[in-house]
Amino acid sequence: MSGEYTVSREDWSLHRKGEIDRERHREKVREAIKKNLADVVSEESIILSDGRKVVKVPIRSLEEYHFRFDSGKRKHGGQGQGDTKEGDVLGSDQRQAGPGKGKGAGEEPGVDYYEAEITIDELAQLIFEDLGLPNLQPKKKHELASEAFEFKDIRKKGISSNIDRKRTILEALKRNARQGRPDSKKITKEDLRFKTWDITYKYESNAVVLAMMDTSGSMGPYEKYIARSFFFWMVRFLRTKYQNVQIVFLAHHVEARETTEEEFFTKGASGGTRCSSVYKLALEIIESRYSPDDYNIYAFHFSDGDNLTSDNEKCVSYVKELLQLCNLVGYGEIEGPYYHTSTLRTALKKIVDLKFTSVGIKGKSDVYPALKTFFNPHPENKAQ
Amino acid sequence: MHPQEEIKKLEKSIEQITDIARKFNLDFYNMYFEICPADIIYSFGSYGMPTRFSHWTFGKAYHKMKTQYDYNLSRIYEMVINSDPCYAFLLEGNSLVQNKMVIAHVLAHCDFFKNNYYFNRTSRKMVESMSVAADRIRGYEFKFGRDKVESFLDAVISLQENIDSERHIDPGEGKKKKYKNKGHSCREQTCSGDKCCQGSCHRDTHRQSDSGQSTPYDDLWNLDKRECDGKCDEAEDEVKRIPEQPEKDLLLFMMNYGRDLQDWQRDVISIIREEMLYFWPQMQTKIMNEGWATYWHMRIMREMDLTEDEAVEFAKTHSGVIQPSKYQINPYYLGLKMYEDIEKRWDNPTDEEKEKYGRPGGEGKQKIFEVRETENDLSFIRNYLTRELVEEYDLYLYKKIGYDWKVSDKDWEKVRDGLVINLYNCGLPYIVVEDGDFGKRGEIYLRHVHEGSDLDVYYLERTLPHVYKVWGRAVHMETIVDGKKVLFTFNGDKTSKKFI
């Protein structure tokens, strides 16, 4: 029965279509993430990622839309182990089990939105592309160094991705010429030349950032979450882009205190609110540790604005004092989803100073715009 | 093992398996087996064909399959293509036993492709056609730019399921004449209650009066009359309507009547449509086809001389394939059990079946071959899913109540009928073009033929812009949401909806 079948094994190493289209898909995922940064920035899975390197972000825009049935309104067929009864629960839809619950694609019908995996570093790169410390000014002490790689050395040994082709060919030509041949034949090992790099430091001005957060009782889990997601990205951003930026964490309710980074991001507190306490502490810290002559100083405060009315005037005057010392003072007020009674922002509105910026945050998607407003490297052309 | 040696061994097995399969009367095309590394099989799997055009959606599918494979979550052992000769790809690294099982499985698939009625219009030269089409699309990318071609492909792909695989049964020419007649008869008659204008029911009325007596179907004829009631005047205007009859094949309609389409765009539509027509029968016969292949790989493996180790390995692989799932019907499992059941029932009919249906017994094999030739999943389930099967294998229907997915039906008839409903039109909504010149503004009016299931409105609203992209003008879509008739409109800018 020969001739009716063939078996073969071919060389498929050049078949790259799947990989090429996969790369195109990845490109589109990145584009989509970039377009939806505002939503992605405050994804729980990232903020609560516990140092995990890869996070999943849902990307709706890459779904392949078509006319389809609403799977939640249909009956589906399944198969049990032998004793299934009417009314048995097979599973529940995690996504809707309550606001703020983690999302997770299940195997049940209809749940097929696309989750892209992306490393936090990659995401940070997208987010930080347009961000920078505003009004950065030269100061006496230059400590804020950023690493720079410079290829300036040529060696005979190195890694093959760093081959200096031009010099290698030149060497080959020279060697051939020495041996009386006008053209180059084969490149030998001794012709190889490699580029190699030196690490140099680009020195920039010193900077210190004061991160101030309201942790009083009126700041519910939602408000704290918003404030923390802002500070999460702020800290990452500062550490990614600048070598020696210093960050001081301050938490307050009625009284203010300096905290460790971990405490700042994890610990809750309760009690009333007196915002002036944190401004006062900030002023003291600046005075004792960070002279404006040596440092670019930034102060950011997040609160729900629910401050003691009697304290507001004090706040205004402290903020004015801070403005004398700082390159920028930013105030972010989180407007809760249910009710909102701002006292602080209304009071701070009196301040007219280019170095003062305040933003209102209504929802998770306002965190990214807040970052963009506060870390606008060129505040003179405010595009937003 | 040396690659050459492995191929030798494979060839020997293939010969053996082919002989057994022929003895069992399986009837397949010449086979072309190719051993491939995993990423190649995954790439073929995500494109549906080795030679298909390039698009990011295939890259997405490929990424998903590859990731699942890399994390050891799933594994495909083979891929087989409906073509003559039949191409089958074996996964490099399969053990010899796995390959034996796969070869037997693949031969049965090929027998199914060759003999099942629903495949008899599929092109067996699709490997080549798709390759040529892919070249053309690549050419368009060079000429018009990748982004432009890609975004048009996005739009057409989102509508690829909106075709009519049965259009060849009445391609429309016949309808045209009938429809014109209808127009005339309308003008000649007045439509008053019992006299009707529509060509078809006109004849029916005759039939009824010819016999002069009432029939059990009178209520049906009357239904038609009622629908015609009072619509006569409109009918006169409707004569010039495009399409003359509601058209299920959205792609064909837009390809023929889209005013602003360029030639390359029409070509892209026709490519996607042809490819989808080729894949449609596979979607229609998933349970039957996988069940058939599973049935035969079992029978064939039983005829092989397996060592004890081999038998154990085969049993493991096989049971992995037929694993039941609480959220889905496993086509391999259900299909297999149904063929076995049919064979058993036709071999040993009950006394009642002998008497009532005149089944002599001993016709099991003959019957399953007949079933594989004439049915699709829908009729297969409707005709052969018995109470015993539903109960023995604990099949059920489930639905969403609140946040929970709950078992809603265990009654066997409801389960069977529920499965049948979900198989209708391959589980996809039935949508027709009602009017290609809506409001005399060249807009397109689509209607969802609602048969009990609402559409996913989120998806609907995001698919309409794709229709707009192809049609070039405003798109309207009529459907029913929660019992109310709703018209969605996308005007090129935003989607709006209103109750009608």
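**Before you start.** The model is predicted; local features need pLDDT of at least 70, side-chain atom pairs count only at pLDDT 80 or more, and totals for chains, interfaces and linings use all residues. Residues are numbered from 1 along each chain as its sequence is written, chains are lettered from A and ligands numbered from 1 in the order written, and side-chain values use heavy atoms, without hydrogens and water.

**Stop 1: the sheet.** Select S10-S9-S8-S11-S12-S13 of chain A: in that order, six strands form an open sheet with mixed pairing. Strands are DSSP E runs of at least two residues, helices are H or I runs of at least four, and both are numbered from the N terminus. Two strands pair if DSSP finds at least two bridges between them. Go to the edges: S10 (256-259) and S13 (356-361) of chain A each have a single partner strand, so one side of each lacks a neighbour in the sheet. On average, neighbouring strands are turned by 20 degrees against each other, direction ignored. Axes are lines fitted to C-alpha atoms, for helices over the stretch in contact; angles run from 0 to 180 degrees between N-to-C directions.

Now pick S8 (residues 207-214) and S11 (residues 296-303) of chain A. They run parallel, joined by seven bridges. Met212(A) has His301(A) as its bridge partner in S11(A).

**Stop 2: the helices on the sheet.** Contact means heavy atoms within 4.5 Å. Next, show H8 (residues 276-289) of chain A, which lies across S8, S9, S10, S11 and S12 at about 150 degrees to S9(A).

**Stop 3: two residues.** Zoom to Val235(A), in H6 (residues 221-241) of chain A. Is Val235(A) buried or exposed? Val235(A) is buried, at 5% relative accessibility (buried is under 20%, exposed over 50%, partly exposed in between; 1.4 Å probe, protein chains only). Beyond four places in sequence, its contacts are Ile247(A), Phe249(A), Glu261(A) and Phe265(A).

Switch to Lys367(B), in H17 (residues 364-374) of chain B. Lys367(B) is buried, at 10% relative accessible area.

**Stop 4: the interface.** Color both chains. The contact takes 60 residues from chain A and 93 residues from chain B. Eleven salt bridges cross the interface (Lys or Arg side-chain nitrogen within 4 Å of an Asp or Glu carboxyl oxygen). Finish on one of them: Glu92(B) with Arg9(A), 3.2 Å from N to O.
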